[in-house]
Amino acid sequence: MRKNIYVLVLLSLMLLGSSCNIEDKDAPINEYGNIDLNKVPYNKLSDYRFFTGAMNELNPAQGVYPYDLTASLFSDYAAKERLIYLPEGTTMEYQGDFKVLEFPIGTIIIKNFIYYEDVRDKSLGRTILETRLLVRKETKWKPFAYKWNDEQTEATRLIVGGTATASTIIENGTLKEIERYVIPRELDCRTCHNLNEEMTPIGPKPANLYMMMKDDQSLNQLDHFVENGILNEYDYSVTQIPDYSDSTLDPIIRGRAYLDANCAFCHRQGGTSNANGLYINWDYEGERIHTGIFKIPTNYNAPGLQYDIVPGNPDESILLYRMTQTEAPDVMPQIGRSINHDGGIEIISEYISNLE
C-alpha cells in the first residue's frame, strides 16, 4: 500500500514538473519580468509582458517604470507614455546632466504613441497607434516598432514601417487630423538616434528627467528612481531643460528648449547632421555662428533666404521656413512630422524675434 502511494506521489510530482516545464518553455519572461535577450524581438508586443491587466491600459508590470520628460519631441500631436524596463537587480547610472543615463544590458525603453479624442478630457477615449522599443543588447542598442490593431488588444512588429490616419482635439480646442502618420522603418530610427555613429537613446538624460512626479508634486522624478533602487546617486544640482509649453518662460529660454527637444538630436556635435555645423543642443557653448546666427547652410538652398537664423527677422530665417513646410526636401525634421506644429512655429518665431 505504502509503495503504491509512493509511486502515485512520485508520478504526480513528475507530471507537475513536466507541466511547469511545458508552461515555462516558451515564456519570454519569468515572474519578475526578466526578458531573454536571445529571443528579442518578439513578433507580438504582448509577449514581452510589459503590462498587467488589459493591455491597452498600459499598466506597468513589475520591473517596468514610467517616466516623463520636461521637453518632448513633437510627433504630429501624438501624446506619449514612456516606460523603462530594467532587468532584476540592475540600476541606471548618472553620467552627467546632458548625457543619457547609462543603462544596463537588457534595458528596454518603451514609448507609446497615443491619440486622445480630446486632450482636454482624456476620459473621452484614446487610440494607441504604435509602440517603439529601444533594446540594449550585448553590444549595441536595437530599435523595434509595433503597430496596434483596431481592437486595441495587440501590437504587431513592423520592420518596414507603415502609415496610419489619426485625429485629436488639442488644448486650444482645434481639431487636428493627421492624414499620413508615419511609423518609421526600423532602419530610419538610426537617423535620429545617432551619436558618433552609434545608436543611442535621446530623451532620458537628467536635464530632461529632473522634474516633479505627475502624481506626487513633492517628489522629484530622479529622487523617485533613487528611492526605488534603480538609479545610483547623482548630482543633486542638475541643470533642467524647462518645459517649452510654458508660455511664461523667457522667449529665448523657451526657444532653446524647443530646439533641444525637436532638432538637437541631429543638430549636435556627433549627430547625424554634424557636418552641417548647426549645433542647437541646450548645452552647446561654442561659437555663436554654429547656433545658426547668420550661418549659411552647407547643403540646402531656400527660396530667397540665405541664413539659418537672422536675429530679429523670423521671416528671413531658414530655420523657421523649414518648420512651416511639410514636404521633402524642405520639411524639418525630415522624419516624424507630416503636419505643422502651430505652437512650435510660434515659439521659434518669438525666439528669433528676440535674438539680438
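Colleague: Leaving aside its neighbours within four places in sequence, with which residues is Tyr-258 in contact?

Modeller: This is a predicted model, in which local features need pLDDT of at least 70 and side-chain atom pairs count only at pLDDT 80 or more, whereas totals for chains, interfaces and linings use all residues. Residues are numbered from 1 along each chain as its sequence is written, and side-chain values use heavy atoms, with hydrogens and water left out. Contact means heavy atoms within 4.5 Å. With neighbours within four places set aside, the partners of Tyr-258 are Phe-74, Tyr-244, Cys-263, Met-323, His-341, Gly-344, Ile-347 and Ile-348.

Colleague: Which members of the largest nonpolar core touch the most other members?

Modeller: A nonpolar core is a set of buried Ala, Val, Leu, Ile, Met, Phe, Trp, Tyr and Cys residues joined through side-chain atoms within 4.5 Å. Buried means under 20% relative accessible area, with over 50% exposed and partly exposed in between (1.4 Å probe, protein chains only). Of the 37 residues in the largest such core, those touching the most other members are Tyr-115, Tyr-181, Tyr-244, Tyr-258, Leu-259, Ile-309 and Ile-348.

Colleague: From which element does the largest share of this core come?

Modeller: At least two core residues each are supplied by strand 5 (108-116), strand 9 (162-169), strand 10 (175-183), helix 5, helix 6 (318-323) and helix 7. The largest share is five residues, and its source is helix 7.

Colleague: How many residues does the second, separate core hold?

Modeller: Ile-35, Leu-37, Tyr-48 and Ile-110 are included in this second core. Its total is 24 residues.

Colleague: Is Asp-97 buried or exposed?

Modeller: Asp-97 is placed in the loop between strand 4 (79-85) and strand 5. Beyond four places in sequence, its contacts are Lys-205, Pro-206, Ala-207, Ser-237, Val-238 and Thr-239. Gln-240 is 143 residues away from Asp-97 in sequence, yet 8.1 Å away in space, C-alpha to C-alpha. With a relative accessibility of 13%, Asp-97 counts as buried.

Colleague: What is the relative accessible area of Gln-152?

Modeller: Gln-152 is in the loop between strand 7 (141-148) and strand 8 (155-157). Not counting residues up to four places away, Gln-152 touches Asn-56, Arg-126, Thr-127 and Ile-128. Gln-152 is buried, and its relative accessible area is 12%.

Colleague: At what relative accessibility does Glu-186 count as buried?

Modeller: Glu-186 belongs to the loop between strand 10 and helix 2 (189-192). Its contacts beyond four places in sequence are Pro-143, Phe-144, Ala-145, Arg-157, Leu-158 and Ile-159. Glu-186 counts as buried at 9%.

Colleague: What percentage of the residues in the protein chain is buried?

Modeller: The chain has seven helices and 14 strands; these are DSSP runs (helices H or I, at least four residues; strands E, at least two), numbered from the N terminus. Its C-alpha atoms fill a box of roughly 100 × 45 × 40 Å along the principal axes. Among contacts between residues at least 6 apart in sequence, 53% join residues at least 24 apart. Of the 356 residues in the chain, the buried part is 47%.
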